[in-house]
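These are my notebook entries on a protein model. I record below what I looked up, entry by entry.

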Amino acid sequence: MRILYVGDVVGRAGREAFIRRAAELRSRLSLDAIVVNGENAAGGYGITPSIAGELLAAGADLLTTGNHVFDQKELIAAIDGEPRILRPLNMAPGTPGRGVGEVRTARGRRLLVLQVMGRLFMGLWDDPFRALEAELARHRLGGTVDAILVDLHAEATSEKMALGHFLDGRVSLVAGTHTHVPTADAQILPGGTAYISDVGMTGDYDSVIGMDKEGSLLRWRSDLPGKRLEPAGGEATLCAVLVETDERTGLARRVAPVRRLIQWWAEAALEGRPMRPGLSEAALSQRVCDLALVSADTGLRQLV
Ligand SMILES: [Fe+2]
Ligand SMILES: [Fe+2]
């Protein structure tokens, strides 16, 4: 199976980047499924049922969230009725929603998706290791399900890497989210699980983790209560990770970051015009996307 996991979509800019590119990515990358973290899709804070509907209609098969899951209060009443929106598994018992979802692909393959939150710098959540252990006891990769994806919504890379090794050999992909900054450590762990500490956000990178940089700077530099931060509205970069799984075992065969820089960044690169810092990354990212396609024929085990 080929699965694309899209990092935290932030605000309108992030939503538009995903909606505009989803169909093209699905066909160009021959995707069986697209999973999107939508915890910041509604103005940076949570997700509404109608925005979730837009992302699902555009091509997302399942949406994960995170610590911001219930920032938009209308989701509290709606989440039990929408199995395509997950919230972290390790929230208090009785919390509405679910932390596990399933995608049945067009080819009839079964993809299981789980999400947990970390605890370091995050909050007093239940133990994510135990929550995952309990859920994975019910499923067998390559047996009851064809692929398993785990969204690790956490701040600390140490906690994420420990969870990655804890899951190695039992799931197809462990994809970190929440920090909104992509890491360069996409790899296949010794047991065959693909891992990346953070996929990065899908939002405007001329910002502070997707939010307006002036407002954020004021907050960092003052002890007075600041205004509610707004998402940055410039062109967004779509950040995702692509994993290809073995049809028999469900373990990872290849993993590659996918970064789509849109609109004027991409146009400037094509036309050779000067750009803001980021030109070399734009060109390299496009090259990596192209190599991800080429690697299907090369036998490369991973591409980073
Ligand atoms: Fe986020
Ligand atoms: Fe988060």
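**Entry 1: Met122.** I looked up the place of Met122 and found this residue in the loop between β5 (110-117) and α4. The model is a predicted one, and I read every entry with that in mind. For the pair Met122 and Asn67, I recorded 55 residues of separation in sequence and 8.0 Å in space, C-alpha to C-alpha.

**Entry 2: the whole protein.** I turned to the overall figures. The protein has 8 helices and 11 strands. Of its 304 residues, 50% are buried. Among contacts with a separation of 6 or more, 65% are between residues 24 or more positions apart.

**Entry 3: Arg248.** I found Arg248 in the loop between β10 (237-245) and β11 (252-261). Arg248 has 8 C-beta neighbours inside 10 Å and therefore counts as exposed. I also noted that Arg248 and Gly142 are 106 residues apart in sequence but 5.8 Å apart in space, C-alpha to C-alpha.

**Entry 4: Ala232.** I located Ala232 in the loop between α6 and β10. This residue is buried, with 26 other C-beta atoms within 10 Å. What does Ala232 touch, not counting residues up to four places away in sequence? I listed Ala13, Asp204, Asp206, Ser207, Gly210, Met211, Asp212 and Lys213.

**Entry 5: helices α1 and α2.** I compared the directions of helix α1 (residues 11-28) and helix α2 (residues 49-58). Their axes come within 8 Å and cross at roughly 25°. Angles under 35 degrees count as roughly parallel, and α1 and α2 are therefore roughly parallel to each other. From α1, the contact is made by Arg15, Phe18, Ile19 and Ala22, and from α2 by Ile51, Glu54, Leu55 and Ala58. Sorted by class, this contact of α1 with α2 has 6 nonpolar and 2 charged residues, and no polar ones.

**Entry 6: the two sides of α2.** I asked myself which residues of α2 are buried. They are Ile51, Ala52 and Leu55. Seen down the axis of α2, these residues fall within an arc of 105°, so they line one face of the helix. I recalled a general rule here: an α-helix has 3.6 residues a turn, so residues three or four places apart point the same way. On the other side of α2, I found Ser50, Gly53 and Ala57 exposed. The cover over the buried residues of α2 includes α1, β2 (33-37) and β3 (62-64). Just after α2 comes Gly59, with a positive phi of about 140°.

**Entry 7: helix α5.** I repeated the search for helix α5 (residues 157-167), whose buried residues are Glu159, Lys160, Leu163, Gly164 and Leu167. Seen down the axis of α5, they fall within an arc of 140°, so they too line one face of their helix. They pack against α4 (128-136), β6 (147-153), β7 (173-177) and β9 (194-196). After α5 I noted Gly169, whose phi is positive, near 90°.

Entry 8: Which phi does His178 take? Its phi is positive, near 100°. I placed His178 in the loop between β7 and β8 (187-188). His178 counts as buried because 28 C-beta neighbours lie inside 10 Å. Ile209 is not a glycine either, and has a positive phi of about 40°. I found Ile209 in the loop between β9 and α6 (213-221), and with 20 C-beta neighbours inside 10 Å, Ile209 counts as buried.

**Entry 9: the nonpolar core.** I looked up the largest nonpolar core and recorded 78 residues in it. Those with the most contacts inside this core are Ile3, Leu4, Tyr5, Leu149, Leu173, Ala240 and Val241. I followed Tyr5 further. Neighbours within four places in sequence aside, Tyr5 is in contact with Val35, Leu149, Leu173, Ala175, Val199, Ala240 and Val241.

Methods: Residues numbered from 1 in each chain as written. Chains lettered and ligands numbered in written order. Predicted model: local features only at pLDDT ≥ 70, side-chain atom pairs only at ≥ 80, totals over all residues. Helix = DSSP H or I, 4+ residues; strand = E, 2+ residues; numbered from the N terminus. Buried ≥ 20, exposed ≤ 12 C-beta atoms within 10 Å, placed from the backbone. Contact = placed C-beta atoms within 7 Å. Arc of directions from axis to C-beta. Axes fitted to C-alpha atoms, helices over the stretch in contact; angles between N-to-C directions. Parallel < 35°, antiparallel > 145°, perpendicular 65-115°, else oblique. Nonpolar A, V, L, I, M, F, W, Y, C, P; charged D, E, K, R; others polar. Core = buried A, V, L, I, M, F, W, Y, C linked by C-beta atoms within 7 Å.
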